[in-house]
Amino acid sequence: MKNVLSKWGKNRVAVAFYALLAVLVVGGGASRADVQSLLVVRPIAAIVLAIGLYSLTWDHVKRHLWLFGVLISFAILMALHLVPLPPSVWTALPGRSILSEAETLVGIEQPWRPISMVPWRGWNSLFSMLIPLATLVVASQLDGRQLQRMLPVLLALMIGAAILGLLQIIGSNNGPLYYYDLTNRGAPVGIFANRNHAAVFLALLIPAAAAFAAMPAKSVEQLRKRQFTALLAAAIIVPVILVARSRAGLIVAALGMLSAVFIYRRPNVEVKARRRRNKVSPTVIMAGVILGVLGLVFFLAERATTLAKFTEAGGIDETRSTIWAVSFEAMQNQIPIGSGFGSFVEVYQMFEPVDALNRYYANHAHNDYLELVLVSGLPGLALLLVAVYCLAKRGLKLILTSLKDRGAARSPHRLLGLVSVAWLAQLAIASAVDYPLRTPMLAAIAVLACVWLTRADHDRERTKQG
């Protein structure tokens with residue numbers, strides 16, 4: 001019993017991380033504030049955060065200081081948006097005149113109010129920070145080997161999500177495999193509610209699979225198994241992304257393919273092959289699997305009419321261009337303070353033109369950079385630029401160093417760093433036309449990628465000094 005407790009003490013942070021990942025698989029795929037699964041996800045994230053804080057040291061924080069600084073600053077900014085202000089201050093803020101004038105007309109006395117024009121949504125935004133903060137606190141304490149183990153775990157998760165997506169479009173649109181009430185039924189959403197978020201999530205597998213195949217192997221047999229697994233994963237993922245009818249997913253998948261070519265280098269093998277090659281080449285098996293998956297997907301695509309819709313121009317693009325134009329106008333009205341985190345829906349409706357009204361409402365700007373500036377103003381923009389600078393500095397340094405490899409095998413920490421660069425680039429592009437990081441699952445993955453990138457730079461410097 002004593003040994004069990006001792007082992008638990010050493011690995012409790014890793015166990016906490018896996019527990020958080022497990023609950024995100026079940027309920028972390030939606031971005032809405034009223035999703036019932038958040039009643040489980042956020043309390044679990046709070047417990048994981050508490051476990052991580054218990055063993056957090058200054059050395060852990062120091063290695064990831066910029067990341068702690070950015071996330072905590074965002075949380076503080078969200079909290080400041082919820083502090084009530086006296087009427088004389090609140091009414092002087094940009095964009096508040098229409099509300100104060102309306103209340104004056106009906107004879108309502110001006111109360112103390114926070115910066116956030118929709119406080120309950122502001123609280124939701126603050127609580128949503130539990131997931132990235134919990135991810136950072138526990139991931140920052142994992143050692144290099146534990147961080148490496150996350151790669152195959154996430155690969156398995158992505159493959160499972162793709163298979164679930166295939167089963168969803170095979171079955172009924174109202175079947176139990178769609179476990180969010182508001183979702184894109186008939187599309188392979190997997191563990192997500194939105195097909196675009198699902199496609200972006202699957203596109204992350206491509207560079208990850210390349211890194212998995214390039215990890216140092218103990219034997220040729222292990223190397224062949226990894227290569228086969230990586231190719232099989234890509235063979236399943238790409239067709240599912242096509243069927244998802246997601247332009248953003250297809251674009252980031254193309255970026256993932258380019259990054260995979262850069263990431264992969266044949267790894268070092270400790271032991272030579274102990275047996276002869278199989279008579280049936282893995283390449284032949286792989287070709288058969290690809291043809292089989294493609295045939296199944298295109299058969300299902302005709303039933304779901306997704307590929308036909310993918311090539312159509314029209315309503316979706318026009319709607320998004322309208323949302324962007326109205327959001328930009330609202331942003332100009334709210335600068336420099338912003339309308340408050342979480343207030344997009346109501347503020348957008350204040351500027352929405354009459355001829356654009358229909359039975360649907362804009363839940364987000366479908367451009368997270370534009371929406372961030374709208375709701376958080378110049379302080380939010382400044383924090384975003386700090387994050388971009390820190391990531392770009394580390395990412396560019398890692399890429400330039402990797403270019404000097406000249407085909408040589410790469411170390412595990414460098415491979416994880418390159419995967420993180422690819423992931424963050426993919427998520428950054430997707431965020432220009434959508435809002436993937438508003439889902440708890442993708443927010444956690446983005447934080448993990450930041451930790452990978454930071455640790456890759458730190459481990460490289462430590463290797464030099466050693």
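This is a predicted model: local features need pLDDT of at least 70, side-chain atom pairs count only at pLDDT 80 or more; totals for chains, interfaces and linings use all residues.
The crossing by which H9 passes H12 is left-handed. On the H9 side the contact is formed by Met158, Ile159, Ala162, Leu166 and Ile169, which meet Ala233, Ile236, Ile237, Val240 and Val243 of H12. Classified by residue type, this contact comprises 10 nonpolar residues, with no polar and no charged residues.

The largest nonpolar core contains 124 residues, of which Phe201, Trp423, Met441 and Trp452 touch the most other members. Helix H9 supplies the largest share of this core, contributing 13 residues. When neighbours within four places in sequence are left aside, Trp423 is in contact with Leu154, Met158, Leu204, Pro207, Ala208, Ile445, Ala449 and Trp452; of these, Met158 is also one of the H9 residues that meet H12, and Trp452 is itself among the core members that touch the most others. Another core, of five residues, lies apart from the largest one and includes Ala30, Val35, Leu38 and Ala193.

At the level of the whole protein, 20 helices and two strands are assigned, and 50% of the 466 residues count as buried. Among contacts in the protein with a separation of 6 or more, 79% are accounted for by residues 24 or more positions apart.

Technical notes: Residues are numbered from 1 along each chain as its sequence is written. Side-chain values use heavy atoms; hydrogens and water are left out. A crossing is left-handed if the near helix is turned anticlockwise from the far one by less than a right angle, and right-handed if clockwise. Helices (H or I, at least four residues) and strands (E, at least two) are DSSP runs, numbered from the N terminus. Contact means heavy atoms within 4.5 Å. Ala, Val, Leu, Ile, Met, Phe, Trp, Tyr, Cys and Pro count as nonpolar, Asp, Glu, Lys and Arg as charged, and the others, Gly among them, as polar. A nonpolar core is a set of buried Ala, Val, Leu, Ile, Met, Phe, Trp, Tyr and Cys residues joined through side-chain atoms within 4.5 Å. Buried means under 20% relative accessible area, exposed over 50%, partly exposed in between (1.4 Å probe, protein chains only).
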